[in-house]
Amino acid sequence: MRSPELAASVTPDGSASSAVAVTDSARAGWRTPLELTVLGAIWGGSFLFMRVAAKDFGALPLVEMRLGLGALILLPFLWKARESFRGAGIWAKLAMIGLINSAVPFVLFAWAAQRAPAGIGAITNSMAVLFTALVGFLFFGEKIGVQRAIALLAGFAGVVVLASGKTAGASIGWAVAAGCTAAFLYGIGANLVRRQLTGLPAAAVAAATLGTSALLTLPFALAQWPTHAIPAKSWLSAALLGVLCTGIAFVMYYRLIQRIGAGRAVAVTYLVPLFGVAWGWMLLGEPLTATMLAAAVLILGSVALSQRAPK
């Protein structure tokens, strides 16, 4: 929206319109890369916060906080679109998709964060783009093409390389398997959202799926709620994971999609593992290994290849 001053400066013959267009174009030129970078840094930080808090909370209690806080942040969007969410049928779909697309993947990533560096979860998370294409091909009759097939093979090669690595002498294979399973569930969830919830506001859908997931997860989280004292840094990490990395980040992402389209917004996928690895290295002193680098190159390269328009 233009400022009142800019709007008032336009003359009746439109002589100022080119200046306004140049200003808007210049603003758009730096705004999108900046927002993508900030969003990549926030989502990359989610793996840092899980790494810090999961060992004190445990996977299920931490995820319960994440789901609940994220849903609260997004609740205004759901309230605004509440007329579109009437009927038991729609809520059954939301609950199912919430489990597949939020609750179970979050638990898997939190479980992995207890056993491997933050960068491992961030790298496996980027496989979600490839798994979305694979699920569409396997279960929904979508064409995958030679280019995407090659990308999938390269991505899976990266996973094998990553799983073969060790950190401080310990194998991280199970953590990699958990992260890839979570990414696969994201791929299923993306296809279900696209087909089952068409026409509903995305931010409102996110609020509903997070909220239903929080309710379904609550009994299990309470059963495993820690009885020991939890350090302040873990409380802060859990709060940031829910408020910033889930609630606020979702709002940023959906607004970005509205402005530049989903095809361009998905570029944030390339930034998340870079920031995830960087935060873990800078703030937690986690090692950067050759297998992590090789796997990241293979997986991110495959994601980039899968997003290119076929010639």
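**Entry 1. Surface and chain**

I took accessible areas from the Shrake-Rupley method with a 1.4 Å probe, and for residues only the protein chains shown count as cover. On that basis I noted that the chain exposes about 15100 Å², with carbon and sulfur atoms supplying 70% of it. I record that this is a predicted model, in which local features need pLDDT of at least 70 and side-chain atom pairs count only at pLDDT 80 or more, while totals for chains, interfaces and linings use all residues. Residues are numbered from 1 along each chain as its sequence is written, and side-chain values use heavy atoms, with hydrogens and water left out.

I then looked up the secondary structure, and the chain comes to 13 helices and two strands. Helices (H or I, at least four residues) and strands (E, at least two) are DSSP runs, numbered from the N terminus.

I looked up burial next, where buried means under 20% relative accessible area, exposed over 50%, and partly exposed in between (1.4 Å probe, protein chains only). Of the 311 residues in the chain, 46% are buried. For contacts I used heavy atoms within 4.5 Å. Among contacts between residues at least 6 apart in sequence, 87% join residues at least 24 apart.

**Entry 2. The nonpolar core**

A nonpolar core is a set of buried Ala, Val, Leu, Ile, Met, Phe, Trp, Tyr and Cys residues joined through side-chain atoms within 4.5 Å. I found that the largest such core has 87 residues, and that Trp43, Met50, Leu62 and Phe85 have the most contacts inside it. Helix H2 (residues 17-57) gives the most to this core, with twelve residues.

Which residues does Leu62 touch, not counting residues up to four places away in sequence? I listed Met50, Ala53, Ala54, Phe57, Ala110, Ala238 and Leu241.

I compared helix lengths with the expected span, which is 1.5 Å times one less than the number of residues. Helix H3 (residues 59-80) has 22 residues and should span 32 Å; its end C-alpha atoms are 32 Å apart, which agrees. I also looked for bends, a bend being the angle between axes fitted to the seven residues ending at a residue and the seven starting there. H3 bends by about 50° at Leu74, and the proline Pro76 follows within four residues.

Helix H9 (residues 202-223) also has 22 residues, and its reach from first C-alpha to last is 32 Å, close to the 32 Å expected. In H9 I noted a kink of about 45° at Thr217, shortly before the proline Pro219.

**Entry 3. Helix H5**

Is helix H5 (residues 118-125) largely enclosed or open? Eight of its eight residues are buried, so H5 is largely enclosed by the rest of the structure. The buried residues include Gly119, Ile120 and Asn125.

I followed Ala118, which lies in H5 and counts as buried at 4% relative accessibility. Beyond four places in sequence, Ala118 touches Phe47, Leu48, Arg51, Gly276 and Glu286. Ala118 and Leu284 are 166 residues apart in sequence, yet 9.1 Å apart in space, C-alpha to C-alpha.

I placed Leu134 in helix H6 (residues 128-139) and found it buried, with a relative accessible area of 17%. Not counting residues up to four places away, Leu134 touches Ile144, Leu152 and Phe156.

Helix H8 (residues 173-196) holds Cys180, and Arg195 is also placed in H8. Cys180 is buried at 10% relative accessible area, whereas Arg195 counts as partly exposed at 31%. Leaving aside neighbours within four places in sequence, Cys180 is in contact with Thr124, Phe131 and Val159. With such neighbours again not counted, Arg195 touches Phe140 and Glu142. The C-alpha atoms of Arg195 and Phe140 are separated by 9.7 Å, and the two residues lie 55 residues apart along the chain.

**Entry 4. Aromatic rings**

Rings of Phe, Tyr and Trp (its six-membered ring) pair if their centres lie within 6.5 Å; planes under 30 degrees apart count as stacked, over 60 as edge-to-face and the rest as tilted. My search of the whole structure finds twelve aromatic pairs. One of them is the tilted pair of Tyr253 and Tyr254, at 6.0 Å centre to centre and 50° between the planes. Tyr253 counts as buried at 18% relative accessibility. I also recorded one aromatic cluster formed by Trp43, Phe250, Tyr253 and Tyr254. Trp43 was noted above among the residues with the most contacts inside the largest nonpolar core.
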